[in-house]
Amino acid sequence: MIEKLIEIDHAQLWTEKRGEGSIPVILISGGPGTCNYLEPLSSLIDEVCEVIMFDPRGCGRSSDDGNGYDLASCLRDIEWIRKAYGFKKWLVIGHSWGADVGLAYSLLYSHSILGYVSISGTGIQNDRDWKDSYSRNKLEIGEFTPDFEYEVNTIVHRSLIDSWRTFIKNPNLLKDISHLDLPTLFIYAEKDIRPSWPIKQISALINNSKYIEIEGAEHYVWLSKKIELAKILRDFIKNFESCITHDINFPLE
């Protein structure tokens, strides 16, 4: 395990590298405004790949100037981390809102990506029915949420949410997503209190894409279905190693 502070635009970003392997992976936590909470996810895959985790700007052990920032800055930070570690390309895995950030990164920095994995993403929507269903399920069913090591930065949360809602209004966004030319995997939890239809729609837009729903899993999939999630992710990563070694196209079937 190696911790590293990376300086960019008057901020220091806390990062950590774990594991070994020929495939580098960046893990993006949800929120926005939360610190990294994906150590348990890292432990499922760090025997087969190098894993980079980070606290976003202004969250956890990373600093900022006390103001919020936008999605473009968030994506630049991720790209800067890739360059700081010297990776030519890496696999992007995001959870919840971090999965949505991973999608935006895949669109804007496609030259930096081997593949993209969305775990329990929320999609490119600001839909009233989705929100009503989520709010009702949260009240009536509830869900277990792990403890975060640091408090949520509410300023970062608000600024990034507002920026995201501007981003998804791009009239060419759906077309751009349909033109993504990289292996994509969308993992959803059967018992997630968030409706799954936005993720199914995105997966259906992309040619080289697969949607997997894990039976009995909840939003933080590794808490309830660790073995199942580990197998899916490890198989996906190992496929990359095999394809690179034999110079063949990535199989998703």
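**View 1. Strand 1 and strand 2 form a hairpin with two residues between them.** This is a predicted model. D9 sits in the turn and has a positive phi of about 50°. Strand 1 covers residues 2–8, and strand 2 covers residues 11–19. The two strands run antiparallel. Seven bridges join them.

**View 2. Helix 4 spans residues 128–140.** The helix has 13 residues. At 1.5 Å a residue, helix 4 should span 18 Å.

**View 3. Helix 4 has a buried side, which includes W130, S133, Y134 and N137.** These four residues of helix 4 are buried. They cover an arc of only 100° around the axis, so they lie on the same side of helix 4. In an α-helix there are 3.6 residues a turn, so residues three or four places apart point the same way. Helix 7 (197–205) is among the elements that cover the buried residues of helix 4.

**View 4. The other face of helix 4 carries exposed residues.** R128, L139 and E140 are exposed. They are found on the face turned away from the buried side of helix 4.

**View 5. The two ends of helix 4 are shown in close-up.** At the start of helix 4, a side-chain oxygen of D127 reaches towards the backbone of D129. That oxygen comes to within 2.9 Å of the backbone nitrogen of D129. Just after helix 4 comes G142, with a positive phi of about 75°.

Methods:
Residues numbered from 1 in each chain as written. Predicted model: local features only at pLDDT ≥ 70, side-chain atom pairs only at ≥ 80, totals over all residues. Heavy atoms only, no water. Expected span 1.5 Å × (residues − 1). Buried < 20%, exposed > 50% of the residue type's maximum accessible area, 1.4 Å probe, protein only. Arc of directions from axis to C-beta. Contact = heavy atoms within 4.5 Å. Polar contact = N/O pair within 3.5 Å; in protein donor to acceptor, adjacent residues only side chain to side chain. Pairing = 2+ DSSP bridges.
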